[in-house]
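Me: I have a model open and want to go through it piece by piece. Can you take some quick questions?

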Amino acid sequence: MDVVFWGARGSVPCSSKQKITYGTNTPCLEMVFSDHERIVFDAGTGLVSLGNHLEKLGFPNCDRIHLFFSHFHWDHVQGLPFFKAVYRKETTLRLYGQPGIETVFSSQMTAPFSPVPFEALPAKIEVITLDAPIALGDVRVTPIPLNHPQGCYAYAVEHRGRKILYATDTEPDGGPMDASLLAGARGADVLVMDSNNAVEELEQRRGWGHSSWVDCVNLAQKAGVKKLILFHHDPFHDDEKVTQKQRLAQERFPDSFCAYEGMRVKVSREP
Ligand SMILES: [Zn+2]
């Protein structure tokens with residue numbers, strides 16, 4: 001079970017020479033299992049890179065792709081119209097998330113925004129509204145509601161005794177959502193979490209629905225996770241600022257790393 005990051009930036013891809021190290025594609029990560037159908041989280045612009053990569057390989061294990069949405073803000077949906085797998089009639093794409101997936105994409109992929117209507121995509125698209133855990137073979141995916149404008153899901157992914165928690169776009173609520181996120185993170189091998197805000201930005205950004213590296217470290221320590229991946233970097237933070245965030249986090253939680261495009265995290269346990 002590996003996690004591959006195709007986009008680690010939040011809000012908007014805003015490229016510059018000062019942001020090469022971590023990249024600027026918006027959220028998309030893949031969980032890779034040997035001999036398993038593809039499981040992808042979020043359709044930010046990183047999904048475009050995943051599609052290009054799969055095309056080069058000849059679309060292996062792509063007849064059925066499972067795509068889970070944390071929520072539908074632009075930075076989490078913008079890559080779907082440019083994901084090459086949706087232009088293959090052999091692909092079945094299953095979209096999972098909160099209610100409204102069909103409305104989101106039939107409004108996004110329509111005139112005058114898109115030359116190709118959502119309904120005309122060659123791939124077979126199936127929509128599954130989630131409010132409870134779902135099993136995909138021996139992989140179990142559990143949605144956990146987060147504190148974010150219009151709502152958001154974290155996903156706990158469990159496979160043969162290993163667990164990854166993907167928790168993007170969340171702000172501590174000081175109440176029930178913090179408690180359910182803590183329960184979901186408990187004992188995880190890897191916690192991938194929203195670290196958008198610098199600590200000095202927190203006060204002016206209350207209610208925006210994002211966390212800082214301090215919130216990530218606090219949760220990682222309380223929940224006893226093994227590795228913390230800081231994710232959803234602010235689009236206006238350059239490489240130096242993101243690296244500084246990693247350094248600060250490592251002082252309190254040494255196994256902390258900032259996600260970057262192309263990063264692959266192995267999640268395996270000794271037999
Ligand atoms: Zn976001």
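Me: Where is R160?
Reply: R160 sits in the loop between β9 and β10. This is a predicted model, and in it R160 has a positive phi of about 45 degrees although it is not a glycine.

Me: Is R160 buried or exposed?
Reply: R160 is exposed, because its relative accessible area is 64%, and the cut-off for exposed is over 50%.

Me: Which other non-glycine has a positive phi?
Reply: D169 is one, with a phi of about 50 degrees. D169 is in the loop between β10 and α3.

Me: And is D169 buried or exposed?
Reply: Buried, because its relative accessibility is 2%.

Me: What coordinates the zinc ion?
Reply: D169 is one of the ligands, through OD.

Me: What is the arrangement around the zinc ion?
Reply: Irregular, because the four donor atoms subtend angles of 93 to 163 degrees. For a tetrahedral call, all angles would have to lie between 85 and 135 degrees.

Me: How are the donors spaced along the chain?
Reply: The spacing is D-H-x92-D-x62-H. D169 and H232 are 63 residues apart and link distant parts of the chain. H232 belongs to the loop between β12 (227-231) and α5 (239-252), while D169 is in the one between β10 (162-167) and α3 (176-185).

Me: Is H232 buried or exposed?
Reply: H232 counts as buried, because its relative accessible area is 0%.

Me: Where does D75 lie, and what is it in contact with?
Reply: D75 is in the loop between β4 (64-68) and β5 (92-97). Setting aside neighbours within four places in sequence, D75 is in contact with G10, S11, T26, P27, G44, D169 and H232.

Me: Changing topic. Which residues have the most contacts inside the largest nonpolar core?
Reply: F5, L29, M31, F41, F68 and V141, in a core of 29 residues. Strand β9 (residues 152-159) gives the most to this core, with three residues.

Me: What does F5 contact?
Reply: Leaving out neighbours within four places in sequence, the contacts of F5 include C28, L29, V192, I229 and F231. Also among them are A259, Y260, E261, G262, M263 and V265.

Me: Now α4. Which of its residues are buried?
Reply: In α4 (residues 213-223) the buried residues are W213, D215, C216, V217, L219, A220 and A223. Their cover includes α3, β11 (190-194), β12 and α5. Just after α4 comes G224, with a positive phi of about 65 degrees.

Me: Which strand holds L228, and what does L228 touch?
Reply: L228 is in β12. Not counting residues up to four places away in sequence, L228 touches C216, V217 and A220, among others. The list also has L191, F253, D255, S256 and F257. L228 counts as buried, because its relative accessibility is 0%.

Me: What joins A111 and P112?
Reply: A cis peptide bond, with omega about 0 degrees. P112 is in the loop between α2 (101-108) and β6 (124-129).

Me: Last topic, the whole chain. How many helices and strands?
Reply: Five helices and 14 strands. Of the 271 residues, 55% count as buried. Among contacts between residues at least 6 apart in sequence, 68% join residues at least 24 apart.

Me: What is the radius of gyration?
Reply: 18 Å, which agrees with a compact globule, because a globule of 271 residues would have a value near 18 Å. The C-alpha atoms fill a box of roughly 50 × 45 × 35 Å along the principal axes.

Me: How much accessible surface is there?
Reply: About 11,800 Å², of which 53% belongs to carbon and sulfur atoms.

Note on methods. Residues numbered from 1 in each chain as written. Predicted model: local features only at pLDDT ≥ 70, side-chain atom pairs only at ≥ 80, totals over all residues. Heavy atoms only, no water. Core = buried A, V, L, I, M, F, W, Y, C linked by side-chain atoms within 4.5 Å. Buried < 20%, exposed > 50% of the residue type's maximum accessible area, 1.4 Å probe, protein only. Helix = DSSP H or I, 4+ residues; strand = E, 2+ residues; numbered from the N terminus. Contact = heavy atoms within 4.5 Å. Donors = N, O, S within 2.8 Å, 3.2 Å for Na, K, Ca; no water. Tetrahedral: all angles 85-135°; square planar, octahedral: opposite > 155°, others 65-115°. Rg over C-alpha atoms; globule rule 2.2 N^0.38 Å. Areas by Shrake-Rupley, 256 points an atom, 1.4 Å probe, with all protein chains shown as cover.
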